[in-house]
Amino acid sequence: MAERLGFIGLGIMGFPMAAHLLQHHPVTVYNRSVEKAERLAAKGANLASSPRQVAEASDIIFVMVSDDQALESVMEGDDGVISVMGPDQIIVDHSTVSVRLTEVLGARVAEKGAQWCDAPVTGGDVGAKNATLTIMVGSDPESYRRIEPYLTLMGKFVLRVGPTGKGQALKVVSNLVSALNLMAAAEGIRLGLQAGLSLDALEAVMTHGSAQSFEVTKIADRVRRHDFSPGFSVANRLKDLDLALALADSLGFSAPLGASAQTLFAAHKALGFQADDESSYVLRWSQRHD
Ligand code: NAP
């Protein structure tokens, strides 16, 4: 029997991800700002007026919201998903949120006989648009078997990495590394420009040598186009650094580079870059930061 699908959270990432599902299956959708959900309804999605309505109409409920607070607000309360959950339903949470909240909500849905799969993603807004995301899943094996065919409609590399919570743990670690790569690429490229090197030469050599990274390519592209419109916002990047440091703290692990990155990114956000793309960090050398 076909699973009934729901999708909550249609932002930069959620909208194209839900649209990929919709190309193959009926999907019931909800977004806090109704216009985004209406745009997907115009493409054939069923419009729900609350997260609860999505849960009532779905066997598998995909979620892609900003942070812990947003996740709690769609899960909890009379209009929230959990209020109506029952046996055999599955939540697939693509948001990047804390391991702690994932474990708490996972235990709450388990009490109702349902399952929680944390399935955060990496690959950026381009990956969401092109269905080339990498998706790391924390779940029980049986739920993974049920959700995998849908995940492969949104991503090209999908992997179960352990039980509930481990997807978020891996995502936080992965994002700590990409944040440090981003900041290293920005600092290096700005130093190179200051030294009279061309952007083309910097990019060409670094992408063919030991400095290569996704982030070198991203910074070079954004500087060249002088386009800092959000693909991944400064606010979300800082949120993920906060999550990494909270995880390290909970384990008594020292993460000195992460701590420095958090301080530098918080200063960047405070200058008014909150809604800009994370690559706008490269502008710090034209602003007053410290
Ligand atoms: P976004 O465009 O800001 O979308 C956020 C979504 O969360 C929107 O649907 C928003 O609703 C909803 N939301 C926020 N607060 C809410 C609340 N209190 N109650 C209900 N809904 C709420 O962000 P995004 O870039 O899609 O990111 C979503 C998640 O994916 C984040 O956890 C982010 O870290 C992660 N992620 C992003 C990228 C990327 O490149 N963008 C890559 C990997 C992972 P409204 O439309 O009403 O504001």
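Domain bounds here come from an automatic or database domain assignment. That assignment gives domain 1 (5–162) and domain 2 (170–285), so colour those two ranges separately to start.

Before you click further: this is a predicted model, where local features need pLDDT of at least 70 and side-chain atom pairs count only at pLDDT 80 or more, while totals for chains, interfaces and linings use all residues. Residues are numbered from 1 along each chain as its sequence is written, and side-chain values use heavy atoms, with hydrogens and water left out.

**Stop 1: between the domains**

Taken over C-alpha atoms, the centres of domain 1 and domain 2 are 27 Å apart. Select the residues in contact (heavy atoms within 4.5 Å): you'll pick up 14 residues from domain 1 and nine residues from domain 2. The buried area, meaning the accessible area (1.4 Å probe) that two parts lose on being put together, summed over both, is about 940 Å² between domain 1 and domain 2, with carbon and sulfur atoms giving 70%.

**Stop 2: salt bridges**

The structure as a whole holds 17 salt bridges. Go to Arg224 and Asp200, whose side chains meet in one of them at 2.9 Å, N to O. Arg224 sits in helix 10 (residues 214–225) and Asp200 in helix 9 (residues 199–207), 24 residues apart; helices are DSSP runs (H or I, at least four residues), numbered from the N terminus.

Next, pick Asp227 and Arg225, another salt bridge, with the closest N and O atoms 2.8 Å apart. For accessibility, buried means under 20% relative accessible area, exposed over 50%, and partly exposed in between (1.4 Å probe, protein chains only). Asp227 is partly exposed at 24%, and Arg225 is partly exposed too, at 45%.

**Stop 3: Glu278 and Arg237**

Are Glu278 and Arg237 buried or exposed? Both are buried. Their salt bridge has its closest N and O atoms 2.6 Å apart. Glu278 lies in the segment after helix 12 (256–273) and Arg237 in helix 11 (residues 234–250), so the pair ties together parts 41 residues apart in sequence.

To finish, select Glu215, Lys218, Asp221, Arg222, Arg225, Asp227, Arg237, Asp277 and Glu278: salt bridges that share partners join them into one network.

Terms used: Salt bridge = Lys/Arg side-chain N within 4 Å of Asp/Glu carboxyl O. Helix = DSSP H or I, 4+ residues; strand = E, 2+ residues; numbered from the N terminus.
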